Amino acid sequence: MTGTPARSISTRISTVLPRTLTNRAMAAYSRWRYGEVLDPLVAVGHHGKVTRTYALTELGVSGWKALDPGLKSLAIMAASVSVGCTWCVDFGYWEAQHGHVDPVKLHDVPVWRTSDRFTGLERDVLAFAEAETATPPAVDDALAARLTDALGAEAFTELVAIVAVENLRSRINSAMGLSAQGFGDRCEVPLGGPLAEVGEA
């Protein structure tokens, strides 16, 4: 992470990072947790305070447990697809394989309106994630009320927050020029079809 990486990374900023304790620690943790250094860590590694804030934010988010993990995975994927972040789609697809959601269902997120794989609640979550991600946000009172009734106030608040966090991730990664890192290639369902088309338009 502090030198030229073995794998070519698509980014708009140098991949040769300062040899700081923060960068070394983040690289070591990333290799231990994911098997390689995550590209977003390379992209933000020139600014120590941004890197540390990013890491602390993710640590805090990992403790959010009110929202059903399957619904959370769908909301995250819908937001990253809406932004067009191929890195987030690739990583999110891989991460959600850990028992949170049917991978085939996750694969249909870009075409959820015409897919018959989703429940009514899942459709509301997907619609909400897209509406919150829109510029300006387009969440309507009826959708918010249905979700609050179905999820409860705490889980609904978490839904709102996780979509906002995914917007932060996706917009940083997209602006930095990151593309898919290859995590989706390790999934049981190939990262093709609708998901492969994200960001191509």
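Which helix gives the most to the lining of the largest pocket? In this predicted model, in which local features need pLDDT of at least 70, side-chain atom pairs count only at pLDDT 80 or more and totals for chains, interfaces and linings use all residues, that helix is H3, with seven residues. Residues are numbered from 1 along each chain as its sequence is written, and side-chain values use heavy atoms, with hydrogens and water left out.

**Overall build**
- The protein has nine helices and zero strands, where helices (H or I, at least four residues) and strands (E, at least two) are DSSP runs numbered from the N terminus.
- Of the 201 residues in the protein, 46% are buried, meaning under 20% relative accessible area with a 1.4 Å probe and protein chains only.

**Largest pocket**
- The largest pocket holds about 1200 Å³ of space, a pocket being an open set of points on a 1 Å grid over the protein atoms alone, where a 1.4 Å probe fits, with protein on both sides within 12 Å along at least five of seven lines; a volume is the space filled by probe spheres set on the points.
- Among the 36 lining residues, Tyr34, Glu58, Ser62, Glu95 and Arg169 are the closest to the pocket's centre; lining residues have an atom within 4 Å of a point.

**Helices H1 and H3**
- The axes of H1 (residues 21–34) and H3 (residues 48–61) come within 10 Å and cross at roughly 35 degrees, with axes fitted to C-alpha atoms over the stretch in contact and angles running from 0 to 180 degrees between N-to-C directions.
- Thr22, Asn23 and Met26 of H1 make the contact with Thr51, Arg52 and Ala55 of H3, contact meaning heavy atoms within 4.5 Å.

Definitions and conventions:
Buried < 20%, exposed > 50% of the residue type's maximum accessible area, 1.4 Å probe, protein only.
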